[in-house]
Amino acid sequence: MSSSSALPALSLHGIDKSFGAVRALEGIDLEVHRGEVVALVGDNAAGKSTLAKVIAGVLTPDAGIIESDGVPVTIPSPAAAHALGIATVFQDLALCDNLDVVSNLYLGRELHRGPRLDEAAMEENARRILRDLTSRIPSVRTLVSDLSGGQRQSVAIARTLLGDPRIVVLDEPTASLSVSQTAEVLTHIERLRDLGHAVILISHNMTDVRAVADRIEVLRHGRNNGSFSGPGTSYEEIIAAITGAMTTPRRSVRLG
Amino acid sequence: MKRYGGLTQVELAEATGLSTATVSTIVKELTQAGVVDTRPTSRSGRRALKVTLARQLGLVAGIQFGHRHLKVALGDFGRTIVAEQQMPLPVDHRVDTGLDRAALLVMDLLERVGASTDELLTVGMALPAPVDISTGMISVRGIMRGWDDLHVGQVMSKRLARPVVVDNDANLAALAEAELGAARAVRDSVFVRVSYGTGAGVVINGNVHRGYAGTAGEIGHVQVDPAGPICRCGNRGCLETVVGSDALLALLRSSHGDLTLRDVISRALAGDPGCSRVVADAGDRIGIAVATLASAMNPQVIVVGGELAETGEILAGPLRDAVRRHLVPNTIAPVEVVLSELGPQAEVMGALALALQSTDVASDVRLAPGTPGPVGLASAQDPGGAGRSGAPG
């Protein structure tokens, strides 16, 4: 749980990505350390989700270097991202409503015991992970369709934790949630940080971002437009950087 | 049931691993014994029976605003917390967003335990600043940025349509520890709250002593360094400028980088010498200020709480030593310095306790038809004596 450990868990340098004539990302730099929550903020079409997809292996960048624990890597596919210990929760969560919590957590990677599924072990693990997240799901055999928005979000986060990832990317996890569900998700994010994961949080909500982020990276028109220390920055400075009212020199505000 | 608030019988069966028939029988027995309530509801379109713990008298809500988190709890007259939710908050969180979220959380929690809004009687609030309990306003400017000019109690009371009583968090934690926690056996105690800021709550003869406008026990703003930096409150060299979270984190910045207070606590517990040292030295400085307060009022017990108290004896040890060193030795009953028993729950339990205290009066009035909303507020204008004052009017 350090923001000062030597090598970043993941670092991106000079990432470019174009879709035809649209330059979605231009020379993006991003670093995240273990035990650190980095928030990625910006207007619509600032490139936040594109960057998340690059990290998740959904999109391949046109140029740039990605380093994992200081080692240069490529992330050509989601499976490669998984192998690097990068887990991503996208906005739509991708849960199966007709399955229960355990089946959703282990979908596609069920535990086996001989020829049969090892239901007991899966249930046990599911309970433990949800408890680590201080989640409030009464039974791991509840159907996902019966869960609230916040509970679904916590199942989606729990699923990413099964592979014991180093880096968790959350794309708009609090959009369209009620206040108590938002409270639950933000508490999960704090827990992830305390458990030593590196977290990249993409969000529009400045209150949520400032509540949990150690560092806030602003994107504007696909470029870095400021890097702020989470606790030491006011709403106004961040909003100014998002809207372009103020251009901050790169990495100027990074402390320590 | 306590953990989840309310559950349907089917969920209860899943959570306990018992068969639905067994659960149904147990629920029936408990309902007859008056321990639980049931009401019909629907779950995924099917009819179901929602089971909640019984509460004949209604609920009270406790809201605690910290520097970096918000905690909301619902409690009943049995002093049990029936539901609670915590939420991280930004540094210098905005008052409008904060109060809005707190109000919505109260409503969400009521829904979670299957209670209607009518069952909510009174709301108690804890703020990390000295509060004038009669107006529900913060009585020292600058401590919570942006909160100064607001009648916090009135705004909340308007939003929830219930009486709201507001008090300082250390005072409320002191109340909770005196009623239910580490100081329950004694009449005179002090609660020292060591968190992002530092404060103390004073209990004299079983009642919280708030002073005329709520600044009693504000040891965080006692001067410890005449040449120190200017404090948020406007004075110079206050204890908080030396042991507040900003000061502690600044001490660690060159060696440990940017940390949060939670990092400092977890690392101190994990044995990091630098973090332990910073916490221990803070305990020592605070102990000196507490000794001064203790020599003025001679408490039997000093309870140490707040986030930093999660480090246990790392904080409490040096604090205890400093108190003993600077306090006149009392041979008959030397002061005891102990860790909080209620831990991180102390403040919100105090808020619930204050809400209950204020409701006692309001419920007498409720016998008369047409309950005027602000009665609880009016009764709370008699600080510390709400229970004895009888119904106003």
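Into which domains is chain B divided?

1. The model is a predicted one, and in it chain B is divided into domain 1 (6–53), domain 2 (59–171 + 346–361) and domain 3 (183–341). The centres of domain 1 of chain B and domain 2 of chain B, taken over C-alpha atoms, are separated by 31 Å. Their contact takes 5 residues from domain 1 of chain B and 4 residues from domain 2 of chain B, and on the side of domain 1 that touches domain 2 the largest share, 3 residues, comes from strand S3 (residues 46–53) of chain B. By class, that side of domain 1 of chain B has 1 nonpolar, 2 polar and 2 charged residues.

2. Turning to the contact between the chains, 27 residues are taken from chain A and 27 residues from chain B. On the side of chain A that touches chain B, helix H6 (179–194) and helix H7 (206–212) of chain A each supply at least two residues, and H6(A) gives the most, with 7 residues. The residues of this side of chain A divide into 9 nonpolar, 11 polar and 7 charged.

3. The pairing of H6(A) with a helix of chain B can be described in some detail. Two packed helices are described by the angle between their axes and the distance between the axes. The axes of H6(A) and helix H3 (residues 95–112) of chain B come within 8 Å and cross at roughly 100 degrees; H6(A) and H3(B) are therefore roughly perpendicular to each other. On the H6(A) side the contact is made by A:Val179, A:Ser180 and A:Ala183, and on the H3(B) side by B:Arg101, B:Leu104, B:Leu105, B:Asp108 and B:Leu109. By class, the residues of this helix contact divide into 5 nonpolar, 1 polar and 2 charged.

4. Which residues touch the most other members of the largest nonpolar core? Of the 178 residues in that core, they are A:Leu201, B:Val290 and B:Ile302. Helix H9 (residues 273–297) of chain B gives the most to this core, with 10 residues, and the core draws at least three residues from each of domain 2 and domain 3 of chain B. Leaving aside neighbours within four places in sequence, A:Leu201 is in contact with A:Val37, A:Ala39, A:Leu40, A:Leu170, A:Ile189, A:Val209, A:Val212 and A:Ala213.

5. A:Val41 has its place in strand S3 (residues 37–41) of chain A. Is this residue buried or exposed? A:Val41 counts as buried because it has 27 C-beta neighbours inside 10 Å, where 20 or more are required. Not counting residues up to four places away in sequence, A:Val41 touches A:Ser203, A:Val209, A:Ile216, A:Val218, A:Ile238 and A:Ile242. A:Val89 lies 48 residues from A:Val41 along the chain, and the C-alpha atoms of the two are separated by 16 Å.

6. Helix H1 (residues 48–56) of chain A is mostly covered, with 9 of its 9 residues buried. The buried residues of H1(A) include A:Lys48 and A:Lys53, along with A:Ser49 and A:Thr50, and among them are also A:Leu51, A:Ala52, A:Val54, A:Ile55 and A:Ala56. Just after H1(A), A:Gly57 takes a positive phi of about 85 degrees.

Technical notes
Residues numbered from 1 in each chain as written. Chains lettered and ligands numbered in written order. Predicted model: local features only at pLDDT ≥ 70, side-chain atom pairs only at ≥ 80, totals over all residues. Contact = placed C-beta atoms within 7 Å. Helix = DSSP H or I, 4+ residues; strand = E, 2+ residues; numbered from the N terminus. Nonpolar A, V, L, I, M, F, W, Y, C, P; charged D, E, K, R; others polar. Core = buried A, V, L, I, M, F, W, Y, C linked by C-beta atoms within 7 Å. Buried ≥ 20, exposed ≤ 12 C-beta atoms within 10 Å, placed from the backbone. Domains from an automatic or database assignment. Axes fitted to C-alpha atoms, helices over the stretch in contact; angles between N-to-C directions. Parallel < 35°, antiparallel > 145°, perpendicular 65-115°, else oblique.
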